[in-house]
Amino acid sequence: MEAPVGFLVVSLLLSCFATTGYGVTFTSLKRTLEVTASPKEGQVLKAGDADITVTWGLNRTIQAGTDSAYKTVKVKLCYAPISQKDRSWRKTVDEMKKDKTCLVKIVAKPYTASNNSFTWTVERDIPTGTYFVRAYAFNAQDEEVAFGQTTNDKKETNLFQIQAITGRHASLDIASVCFSAFSIVALAGFFYMEKSKGKAAQQK
């Protein structure tokens, strides 16, 4: 007895969805990388000015050969939960392609198991918030296969803050003060000249 055509079509679609419908998930990744960053817990960094030095490598307790598929590492700046609250554009999603926890790339490099370090100047457009650093290991297909981060699993420890640029700079404030002072002097000079002219006219 032949199977109905409709049944075969549905089965084929379900099979395709099962194999391609869902990408790599964060919960499927193993935490094999050890990552540290220079900011101390609670430290406040200024965007456009402060530096962050990140180091990473394979955790020494991990069995040798675990990293055989690792080809590249991408280090990213990530939002802590307190800076994700009520901000859907920073939402954590298990599927990596949809996850918005770590939107800022710090650096990408070929994978090596140890002696990795990079110093990054906090970009000027980084918004005010609470952050941590995470590194992802990618395979030859550019898929995430492992990770490491500077905080614990609940993302509660070793967090630091970044203070955004407000739009005002000290140089602008100084220029504003100088211009105001010049305006006052110029105005006083104008009145003095006008008064002098008035006296000279009266004497004629």
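Mentor: One cut-off before we start: a residue is buried under 20% relative accessible area, exposed over 50%, and partly exposed in between. Arginine 31, at 34% relative accessibility, therefore counts as partly exposed. Keep in mind that this is a predicted model.

There are three salt bridges in the structure. Arginine 31 pairs with aspartate 153, with 3.0 Å between the closest N and O atoms. Arginine 31 sits in strand β1 and aspartate 153 in the loop between β9 and β10, so this bridge links parts 122 residues apart in sequence. Aspartate 153 is exposed, at 65% relative accessibility.

Next, lysine 74 bridges to aspartate 142, the closest N and O atoms being 3.5 Å apart. Here strand β5 is tied to the loop between β8 and β9, so the parts brought together are 68 residues apart in sequence. Lysine 74 is partly exposed at 21%, and aspartate 142 is partly exposed at 45%.

The remaining pair is lysine 98 with glutamate 95, at 3.7 Å between the closest N and O atoms. Glutamate 95 is buried, with a relative accessible area of 9%.

The S-S torsion is about 105°, so the disulfide is right-handed.

Key. Residues numbered from 1 in each chain as written. Predicted model: local features only at pLDDT ≥ 70, side-chain atom pairs only at ≥ 80, totals over all residues. Heavy atoms only, no water. Disulfide = S-S within 2.5 Å. Salt bridge = Lys/Arg side-chain N within 4 Å of Asp/Glu carboxyl O. Helix = DSSP H or I, 4+ residues; strand = E, 2+ residues; numbered from the N terminus. Buried < 20%, exposed > 50% of the residue type's maximum accessible area, 1.4 Å probe, protein only.
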